[in-house]
Amino acid sequence: MHRFNKYSAVRIVTINEPIKDRLLSSSHDPPSMPKIGQIGLVVRRKGRSDYLVERLDGRGRTEWLCEFHEDEIEKVSPA
């Protein structure tokens, strides 16, 4: 079982359920969808094993804000 702290950098390693059903926000039109390999930051823990993860674009806008189960993400080590 993984535990991620707020603002932990995480990488998407798998997507177990339809992502469009868990996408909460995107500043892009059409909305950007999370993809395996992308990195985002944990902004909140939701329930026991779910996390809200945000990815920003080059302008600092929300590319996507999406819910992930802990088994779908892994912590990224600082360089």
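Mentor: A residue is called buried when its relative accessible area is under 20%. The model considered here is a predicted one. In it, Ser8 has a relative accessibility of 7%, and it therefore counts as buried. Ser8 is located in the segment before S1. Leaving aside residues up to four places away in sequence, Ser8 touches Gly40, Leu41, Val42 and Lys75.

Lys75 leads on to the strands. Val10 stands opposite Lys75, which belongs to S6. Strand S1, residues 9-12, pairs with S6 in the antiparallel sense, over three bridges. Both strands belong to an open sheet of six strands, paired antiparallel in the order S2-S5-S4-S3-S1-S6. The edges are formed by strand S2 (23-25) and strand S6 (73-75); each has a single partner strand, so one side of each lacks a neighbour in the sheet. From one strand to the next, the twist averages 40 degrees.

A pair of aromatic rings is described by the distance of the centres and the angle of the planes. Two aromatic pairs are found in a search of the whole structure. In the pair of Phe4 and Tyr51, the ring centres are 5.2 Å apart and the planes stand at 85 degrees, so the arrangement is edge-to-face. Because Phe4 lies in the segment before S1 and Tyr51 in strand S4 (residues 50-56), this pair ties together parts that are 47 residues apart in sequence. Both Phe4 and Tyr51 are buried.

Conventions. Residues are numbered from 1 along each chain as its sequence is written. This is a predicted model: local features need pLDDT of at least 70, side-chain atom pairs count only at pLDDT 80 or more; totals for chains, interfaces and linings use all residues. Side-chain values use heavy atoms; hydrogens and water are left out. Two strands pair if DSSP finds at least two bridges between them. Helices (H or I, at least four residues) and strands (E, at least two) are DSSP runs, numbered from the N terminus. Axes are lines fitted to C-alpha atoms, for helices over the stretch in contact, and angles run from 0 to 180 degrees between N-to-C directions. Buried means under 20% relative accessible area, exposed over 50%, partly exposed in between (1.4 Å probe, protein chains only). Contact means heavy atoms within 4.5 Å. Rings of Phe, Tyr and Trp (its six-membered ring) pair if their centres lie within 6.5 Å; planes under 30 degrees apart count as stacked, over 60 as edge-to-face and the rest as tilted.
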